[in-house]
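Here is a short briefing to read alongside the model. Have the viewer open, and follow the topics in order.

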Amino acid sequence: MTTSANGTMCPLCGGPAAYDQHLGTTATTGYDCKRCRRFRISDQVIKRVLTPKPGYKPPLSAFCRRLPEGTEPPIITTDTVEQIIRDVPQYTPPEKLDTLLELLGKMTPALGRPTTFDPTRDYPLLIARDPAEVQFLLLELADLDLLSLRPLRTLRLCVKLLFAVSHHLGENVHRDGERDRQANR
Ligand SMILES: [Zn+2]
């Protein structure tokens with residue numbers, strides 16, 4: 001396994017990644033990324049699929065990251081890539097809020113303690129495009145008074161309601177009028 005000291009980038013999220021070289025006859029390269037975890041991907045997919053369709057990268061990253069611990073690293077080839085994309089769920093914004101809240105609960109050691117959830121590392125768990133989308137959702141949750149952001153700049157989070165789920169959010173998540181105000185924060 002080569003380290004990322006040579007500047008190797010993850011082909012799915014662009015972050016630093018360790019990798020190993022081609023394996024077998026299908027010319028796949030294995031990567032180990034803190035966002036996407038371990039996966040193998042063929043050179044053909046990188047050149048012929050991801051380059052013309054960069055929008056495929058976030059769902060592929062999410063697919064790899066969301067596999068259960070201990071699962072064999074997936075192999076992304078031209079034969080499997082389209083099926084993987086189809087299998088990745090598409091969350092609505094309220095579902096993303098719910099999922100984020102659940103993640104925050106799971107990744108918080110105790111009520112009132114900072115969560116270990118890191119938007120820049122963990123956004124694929126939410127099938128989000130990038131950390132900015134997660135930060136927007138965090139502001140939504142803060143506005144619903146379900147968590148506090150302190151200090152905002154480093155996004156150390158304190159989950160106030162560990163087990164809050166969709167029925168707590170109710171219709172509040174649709175308060176579109178709130179969004180403009182949040183965007184100006
Ligand atoms: Zn990655």
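Two residues are in contact here if their C-beta atoms, placed from the backbone, lie within 7 Å. With that cut-off, Ile-46 touches Pro-11, Ile-41 and Thr-51, leaving aside residues up to four places away in sequence. This is a predicted model, in which local features need pLDDT of at least 70, side-chain atom pairs count only at pLDDT 80 or more, and totals for chains, interfaces and linings use all residues. Residues are numbered from 1 along each chain as its sequence is written.

**Overall layout**

- The protein chain holds eight helices and six strands; helices (H or I, at least four residues) and strands (E, at least two) are DSSP runs, numbered from the N terminus.
- Starting at the N terminus, the order of elements is β-β-β-α-α-β-α-α-α-α-β-β-α-α.
- Of the 185 residues in the protein chain, 27% are buried. A residue is buried if 20 or more other C-beta atoms lie within 10 Å of its own, exposed if 12 or fewer, and partly exposed in between, with C-beta atoms placed from the backbone.
- Among contacts with a separation of 6 or more, 52% join residues 24 or more positions apart.

**The H4–H6 crossing**

- The axes of helix H4 (residues 93-106) and helix H6 (residues 131-143) come within 10 Å and cross at roughly 85 degrees. These axes are lines fitted to C-alpha atoms, for helices over the stretch in contact, and angles run from 0 to 180 degrees between N-to-C directions.
- H4 and H6 are therefore roughly perpendicular to each other, as angles under 35 degrees count as roughly parallel, over 145 as roughly antiparallel, 65 to 115 as roughly perpendicular and the rest as oblique.
- On the H4 side the contact uses Lys-96, Leu-97, Leu-100 and Leu-101, and on the H6 side Val-134, Leu-137, Glu-140 and Leu-141.
- Sorted by class, this contact has six nonpolar, no polar and two charged residues. Ala, Val, Leu, Ile, Met, Phe, Trp, Tyr, Cys and Pro count as nonpolar, Asp, Glu, Lys and Arg as charged, and the others, Gly among them, as polar.

- H6 has 13 residues and spans 18 Å from its first C-alpha to its last, close to the 18 Å expected at 1.5 Å a residue; the expected span is 1.5 Å times one less than the number of residues.
- Buried residues in H6 include Val-134, Leu-137, Leu-138, Leu-139, Glu-140 and Leu-141.
- After H6 comes Asp-145, with a positive phi near 65 degrees.
- Which residues have the most contacts inside the largest nonpolar core? They are Cys-10, Tyr-31, Cys-36, Leu-100, Val-134 and Leu-141, in a core of 34 residues. Such a core is a set of buried Ala, Val, Leu, Ile, Met, Phe, Trp, Tyr and Cys residues joined through C-beta atoms within 7 Å.
- Elements giving two or more residues to this core are strands E1 (17-23), E2 (28-33) and E3 (37-42), helices H1 (43-50) and H2 (57-66), and also H4 and H6.
- H6 supplies the largest share of this core, five residues.

**Around Leu-60 in helix H2**

- Leu-60 sits in helix H2 and is buried, because 25 other C-beta atoms lie within 10 Å.
- Not counting residues up to four places away in sequence, Leu-60 touches Leu-12, Ile-76 and Ile-84.
- Leu-60 and Ile-85 are 25 residues apart in sequence, with 6.6 Å between their C-alpha atoms.
- Asp-87 of helix H3 (residues 81-87) lies 10.0 Å from Leu-60, C-alpha to C-alpha, at 27 residues apart in sequence.
- Asp-87 counts as exposed, because it has 10 C-beta neighbours inside 10 Å.

- Ile-46 belongs to helix H1 and counts as partly exposed, with 14 C-beta neighbours inside 10 Å.
- The C-alpha atoms of Ile-46 and Thr-77 are separated by 9.1 Å, at 31 residues apart along the chain.
- Leu-67 is in the loop between H2 and strand E4 (75-76), and its C-alpha is 9.9 Å from that of Arg-38, 29 residues apart along the chain.

**Positive phi away from glycine**

- Arg-37, in strand E3, has a positive phi near 60 degrees; Arg-37 is partly exposed, with 18 other C-beta atoms within 10 Å.
- Ile-127, in the loop between helix H5 (119-122) and H6, has a positive phi of about 55 degrees. With 21 C-beta neighbours inside 10 Å, Ile-127 counts as buried.
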